[in-house]
Amino acid sequence: MTAVDYRTQTTLITGASAGLGAEFARQLAARGSGLVLVARRRERLEELAAELREAHRVQVHVVEMDLAADHPGQALAARVDLLGLHVTSLINNAGFATFGPFHQEDPERLRREIAVDVTAVADISRAFIDQLRAAGSGVLVNVASVAAYQPNPRMALYGATKAFVLSLTEALWEESRGTGLRVLALSPGATRTEFFDVVGTTQAAGGTRLASPVDVVRTALAALDRRNPPPSVIAGRMNRVMAFVARRLATRRQVVRTIGRLTAEGA
């Protein structure tokens, strides 16, 4: 596959108001990509858009949208059409987690978690993948998590949603071979973003060191830069080791008990 020329791309990024979404926007703008930034916080999006236009002289559009609403893919595609834009690359980054015993979680918050972390990823991917494949020169990145590689007591639903994202994306990688579209599941570990502010505790990190968003996004773009990009990549050496152990060296009982201890009260 030939290298992606981001100067020819219009990249849509969900969850772009902060964290990995904002960092994807900065690094892709530096490579010359036009951007469509999507999130609920319009003021944050406008601030980032102004920064990127000034720094990199690229076109940046913002779309304020709650991805937990019904039919987010159809709604987002309609908004993009109204802007007169043709999206050629897509970063599904939006997502959030809940932390605590599953039986104690607010059912409505769990519903929103599924809507944003699962339904929106699938719905938005489906809404845009035909045109991404037709363009044949861009990328589709779905942000999963190292949590996708094992059960996650006290983050049971989040781990399950990210396992879905990982499986879906790797399948789309195979289906898209030969089209020129590069498909990648990115699995970060604990990262210095607003993620833990939303979760409500850094205990969800399980005592692991927080990675830099800059490094995580660089890992994704480096994988996409390869001549033969992989279907998925895990950011961070220790995260790769942990995923390998969880899948190859330990029993499922051992893995789930270990993760449970790491996220237990007082860990």
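The buried residues of α5 (156-175) are Leu157, Tyr158, Gly159, Thr161, Lys162, Val165, Leu166, Thr169 and Leu172. Buried means under 20% relative accessible area, exposed over 50%, and partly exposed in between (1.4 Å probe, protein chains only). Helices (H or I, at least four residues) and strands (E, at least two) are DSSP runs, numbered from the N terminus. The model is predicted; local features need pLDDT of at least 70, side-chain atom pairs count only at pLDDT 80 or more, and totals for chains, interfaces and linings use all residues. Residues are numbered from 1 along each chain as its sequence is written, and side-chain values use heavy atoms, with hydrogens and water left out.

At 1.5 Å a residue, the 20 residues of α5 should span 28 Å. The end C-alpha atoms of α5 are 29 Å apart, which agrees.

Arg154 lies in the loop between β5 (139-143) and α5. Phi of Arg154 is near 75°, a positive value in a residue other than glycine. Arg154 counts as partly exposed because its relative accessibility is 28%. A positive phi, near 50°, is also found at His71, again not a glycine. His71 sits in the loop between β3 (60-64) and α3 (72-82). With 55% relative accessibility, His71 counts as exposed. Phe96 is placed in the loop between β4 (89-92) and α4 (107-135). Its relative accessible area is 14%, so Phe96 is buried. Phe96 and Arg154 are 58 residues apart along the chain, and their C-alpha atoms are separated by 14 Å.

Nonpolar cores were examined next. A nonpolar core is a set of buried Ala, Val, Leu, Ile, Met, Phe, Trp, Tyr and Cys residues joined through side-chain atoms within 4.5 Å. The largest has 34 residues, of which Ile13, Phe24, Leu28, Leu35, Leu37, Val141 and Leu186 touch the most other members. Two or more residues of this core come from each of α1 (19-30), β2 (34-39), α2 (42-56), β3, β5, β6 (182-187) and α7. A second, separate core holds 26 residues, including Leu76, Ala115, Leu132 and Leu181. Contacts of Ile13 (heavy atoms within 4.5 Å) are made with Gly21, Phe24, Ala25, Leu28, Leu35, Val36, Leu37, Val38 and Ile91, not counting residues up to four places away in sequence.

A cavity is a set of points where a 1.4 Å probe fits but cannot get out; a pocket is an open set with protein on both sides within 12 Å along at least five of seven lines; lining residues have an atom within 4 Å of a point. Grid points are joined across faces, edges and corners, and a volume is the space filled by probe spheres set on the points.

The structure holds one cavity of 30 Å³ or more. The largest cavity has a volume of about 40 Å³. Its lining consists of Thr98, Gly100, Pro101, Phe102, Glu105, Leu110, Arg154, Met155, Ala156 and Leu157.

The second largest pocket has a volume of about 320 Å³. Of its 19 lining residues, Arg209, Leu210, Ala211, Gly236 and Asn239 are the closest to the centre. Two or more lining residues come from each of α7 (213-225) and α8 (237-249). The most come from α8, with four residues.

How values were computed: Expected span 1.5 Å × (residues − 1).
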